[in-house]
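These are my notebook entries from an afternoon with a structure.

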Number of protein chains: 2
Amino acid sequence: MPQIDIVLVEPLYEGNTGFAARVMKNFGFHHMVLVDPPKITIEAIARASHAKDILETAEILTLDEVIARSNLVVATTGGLSKSVSNPIRMPYYSPTELREIIKDVDGRVSILFGRENWGLNNEEIRRCDIVATIPTSPEYPIMNISHAIGVICYELAHLPRGEYKLANRVEMDALYVHFEQFLENINHPIEKRKTTILLAKRVLGRTNLTIREASTIRGVLRRTEWHLKHPEL
Amino acid sequence: MPQIDIVLVEPLYEGNTGFAARVMKNFGFHHMVLVDPPKITIEAIARASHAKDILETAEILTLDEVIARSNLVVATTGGLSKSVSNPIRMPYYSPTELREIIKDVDGRVSILFGRENWGLNNEEIRRCDIVATIPTSPEYPIMNISHAIGVICYELAHLPRGEYKLANRVEMDALYVHFEQFLENINHPIEKRKTTILLAKRVLGRTNLTIREASTIRGVLRRTEWHLKHPEL
């Protein structure tokens, strides 16, 4: 069973943070992380009701710290790109699909929720492994953040236990860095490089690579590089 | 598809009523019914945000009127009787089960949500056809009413998700064949080759690659092969 952290990135209104704490506890989630939050006063505590312990034990971290310690980082977004040509926000998963994807993760899953007014920005979403979206009505797709957290927590509440060891953050990052170098080695057009790396991250991010799989992929990259350097052999 | 009415029975706080309107509209529900509501003022309208039309068109009815005009009346309750010997609140259905039950109803389904402090009373629940409950943590089972409405509407919404085109079988097979040739090109040890191909298939098989992703991967393979053949460039 993964450790699930609900991460509020720069929440603007403490009332929503209190409400979020309450709905988390309703579904049995206890780990709240706040990135650059507003001051938490009496209003948030009132809204949290019997979940004020969640607020009191919430960690305040930077986004860098959140990403560094997570095995899988999930961006949630309401602002969908409908086009496959935008790999920043595509493909995206429904809450049900998200449950299937993370159920086998043995480690920390951080689920990011953005600011009330404009969500997560592209740079933040780019740094996440996968993207999840709650299917909403096109007529009014923007949910209150505590409602969105409620739906996600509701879906994730009954998770079966995971079984195998997944590649951790360090191993995944090493793989992405290796791939970046590799694209350089094969003179992949510079203007395409950033997109290709992001796309690789999106593909690999949703596979929950095991340690062995990650190391096999790097082995193939290494062997290819060796041959690029020793064409005569 | 049934006509679904979200009925708030004696809601105490107008702010919650506004929040409820918002989350209803997020999931495409427009019919709110209020039984003996508080005065709706600026606070409810602010909380409803872009769903103030839901508040403005909400019907104010008595519980008798609601029941008389409905084909199916659903009580929602957080205060579960754990004993099967209490038929007032048993058996109860999860939101997912509720969706299955009402999907074939041709007529009006009224879903009742009770007061913030003590829900629906036994007499009210007794008058309903079925009982639904959102599975919550025993540690803190009482949800804010707008969060409960959010989860129920989310389950009942069945909104089509956005579409993106996945790579089909032919494209995936072409990718595997390409990868096999590639391993040959880099002299991947013969005894390892079969396992490596299988592993690639397992990894890629679970990613649901989009067409664009599959073609980008093949593009990188092709460029690498070109460099293997033209080491001087």
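**Domains**

I started with domains, whose bounds come from an automatic or database domain assignment. For chain A that gives domain 1 (3–156) and domain 2 (169–229). Taken over C-alpha atoms, I find 28 Å between the centres of domain 1 of chain A and domain 2 of chain A. I call two residues in contact if their C-beta atoms, placed from the backbone, lie within 7 Å. On that basis 11 residues from domain 1 of chain A and 9 residues from domain 2 of chain A make the contact. I sorted residues by class: Ala, Val, Leu, Ile, Met, Phe, Trp, Tyr, Cys and Pro are nonpolar, Asp, Glu, Lys and Arg are charged, and the others, Gly among them, are polar. The side of domain 1 of chain A that touches domain 2 of chain A then has 6 nonpolar, 2 polar and 3 charged residues.

**Ground rules**

I noted that this is a predicted model, in which local features need pLDDT of at least 70, side-chain atom pairs count only at pLDDT 80 or more, and totals for chains, interfaces and linings use all residues. Residues are numbered from 1 along each chain as its sequence is written, while chains are lettered from A and ligands numbered from 1 in the order in which they are written.

**Between the chains**

Next I looked at where the chains meet: 46 residues of chain B are in contact with 47 residues of chain A. My helices (H or I, at least four residues) and strands (E, at least two) are DSSP runs, numbered from the N terminus. Which helix supplies the largest share of the side of chain B that touches chain A? I found that H10(B) does, with 8 residues. By class, I get 20 nonpolar, 17 polar and 9 charged residues on this side of chain B.

**Helix pair in chain A**

I then checked helix H8 (residues 169–185) and helix H9 (residues 190–205) of chain A, which pack at an angle of about 145° with their axes 10 Å apart. Here axes are lines fitted to C-alpha atoms, for helices over the stretch in contact, and angles run from 0 to 180 degrees between N-to-C directions. Among the residues making the contact I noted A:Leu175, A:Phe179 and A:Leu183 of H8(A), and A:Ile197, A:Ala200 and A:Leu204 of H9(A). The residues of this contact divide into 7 nonpolar, 1 polar and 3 charged.

**An exposed isoleucine**

A:Ile60 lies in strand S3 (residues 59–60) of chain A. Is A:Ile60 buried or exposed? I counted a residue as buried with 20 or more other C-beta atoms within 10 Å of its own, exposed with 12 or fewer, and partly exposed in between, with C-beta atoms placed from the backbone. A:Ile60 is exposed because it has 12 other C-beta atoms within 10 Å. Leaving out residues up to four places away in sequence, I see A:Ile60 touch A:Leu34 and A:Pro37.

**Positive phi in chain B**

Most residues other than glycine have a negative phi, so I looked for exceptions. B:Glu10 has phi near 50° and sits in the loop between strand S1 (3–9) and H1 of chain B. B:Glu10 counts as partly exposed, because it has 17 C-beta neighbours inside 10 Å. B:Asn187 also has phi near 50°, in the loop between helix H8 (169–185) and H9 of chain B. With 12 other C-beta atoms within 10 Å, B:Asn187 is exposed.
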